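Work through the exercises below with the structure in view. Try each task before reading its solution.

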Amino acid sequence: MRVLSVVLSGGAGSRLWPASRQAFPKPFMKLGESTLLQQAVERGQACGTGDLMIVTNKDHVFLTKDVLGQMVDPPQTTLLLEPKGRNTGPAIALAALQCIRQYSGDTVMLVLSADHLVPDVEAFVASAQQAFRLATRGALVVFGINPTSPDTGFGYVEVAKVSREAQPVKRFVEKPDLETAQEYLATGRYYWNSGMFCFTADAIVAAFEKYAPELLAAARRTLDSAQEANGAMQFDLHSFGLQPDISIDYAVMEAADNVHVVPAKFGWSDVGSWPAVASAHTPDASGNTMPSDAVAIDTTGTHVQVDSHGPKLVATLGVHDLVIVDTPDALLVAHKSSAQKVKKIVDILKERKHEAVTLPAVVHRPWGTYAALKEEDSYKVKRITVKPGESLSLQFHHQRAEHWVVVQGRGIVQIGEVEHETLPGQYRYIPLREKHRLTNTGQEELVLIEVQCGDYLGEDDIVRLADTYGRA
């Protein structure tokens, strides 16, 4: 039996702003020692899946490759790169069709989300093995979570009676209001829908053919027009956009008559809010989850998370049940009871076209990262890192000159037609409108301090002349 992990890595995670941004969404957040995406990949590996397929946005391909590159034993991976978000229905249809092309129709697909937290991997494996057995018999399997509260943020799965054994699903229901959710819990017939599934590629394609034939036809056209290179499938924007924006639940699961639920025997969280993040940490005697060097006086039930360019001490005094998230460019202070409303902040920032919605304080690029350390009207100071062997594009600026100092590593700085080997402590000046490029020629990360001077310092004042990553 071949088992393929299919990891769906999408969504902005707006309820986890300001740590999660459109350009750096929740799957790439660290929870513990590794990112949620890495944990999902390792969860599949623990189940014995030999290969991996990740469905993600094309703009996140280098972030995804960074995560895989940091793993000790990364699996053989195929990337399906979406040009825009299109929900789980098209994502799973494309993955199933590609699975049949690349492997076989009887391959068992273990569909996981890249932003879930499952601390007990051994228990997850036991549940997955049960799902595999059902999938090989033609069932469409959903992992059900025993509800602990009348949560309105999840869809629900109805069965004859909640138990520890797998059983047929009577129906799927969408996210209910509070009164309905309370009724569901009282009956003892409902699980939370985890959004994790298991089936053979043939079985799910047959279900699409029966219940969502237009979606399947659109997915086939999208796959037929895709470009493949270096283990990644790039989809044409036009054909991809013709696929309906619909979840797998609406498209197939609600209508199918061969759906079974495997009850989760493992702890699970969709890490959908800051209180959920806090619950993933070990609290102190006062119920606080915060950095070890924080000072907390008369403080209880409070979560503090700090992501700063340098050391930052946090002190709290006389506060209770708060979430405090500090990033270099944004600060969130919220009561835990209002944490689900963080998305309203993001909506307001979107209306203002504020870049804090899209870009994180440390912006990731294929070649490395950059972060603005200081900015005023006529200058900006940035910290730039470049991975070994990588280089920035050959470019120039219309409205700013730049001053570069390498502080770690070694590289080649091209200014005009001349290349300068540059070592730590050495300085280079980039005049206005002069073409330039930075390449890391060393074996370690190169770190550069850049000072921009000019009347306009926006990121769009870049004219690329040549680029390794196809952006020129």
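**Exercise 1.** Classify how α3 and α6 are oriented to each other in this predicted model.

Solution. 
- Start with the two helices: α3 covers residues 88–102 and α6 covers residues 201–211.
- Their packing angle is about 130 degrees, and their axes lie 9 Å apart.
- Angles over 145 degrees count as roughly antiparallel, and 65 to 115 as roughly perpendicular.
- α3 and α6 are therefore oblique to each other.
- The crossing of α3 and α6 is left-handed.

**Exercise 2.** Find which residues of α3 meet α6, and sort the contact by class.

Solution. 
- From α3 come Gly89, Ile92, Ala93, Ala96, Leu97, Cys99 and Ile100.
- From α6 come Ala201, Asp202, Ile204, Val205 and Phe208.
- By class, this contact of α3 with α6 holds 10 nonpolar residues, one polar and one charged.

**Exercise 3.** Describe the packing of α6 with α7.

Solution. 
- Helix α7 spans residues 213–224.
- The angle between α6 and α7 is about 120 degrees, with the axes 5 Å apart.
- So α6 is oblique to α7.
- α6 contributes Val205, Phe208, Glu209, Lys210 and Tyr211.
- α7 contributes Pro213, Leu215, Leu216 and Arg220.
- The contact of α6 with α7 has six nonpolar residues, no polar ones and three charged.

Methods. Residues are numbered from 1 along each chain as its sequence is written. This is a predicted model: local features need pLDDT of at least 70, side-chain atom pairs count only at pLDDT 80 or more; totals for chains, interfaces and linings use all residues. Side-chain values use heavy atoms; hydrogens and water are left out. Axes are lines fitted to C-alpha atoms, for helices over the stretch in contact, and angles run from 0 to 180 degrees between N-to-C directions. Helices (H or I, at least four residues) and strands (E, at least two) are DSSP runs, numbered from the N terminus. Angles under 35 degrees count as roughly parallel, over 145 as roughly antiparallel, 65 to 115 as roughly perpendicular and the rest as oblique. A crossing is left-handed if the near helix is turned anticlockwise from the far one by less than a right angle, and right-handed if clockwise. Contact means heavy atoms within 4.5 Å. Ala, Val, Leu, Ile, Met, Phe, Trp, Tyr, Cys and Pro count as nonpolar, Asp, Glu, Lys and Arg as charged, and the others, Gly among them, as polar.
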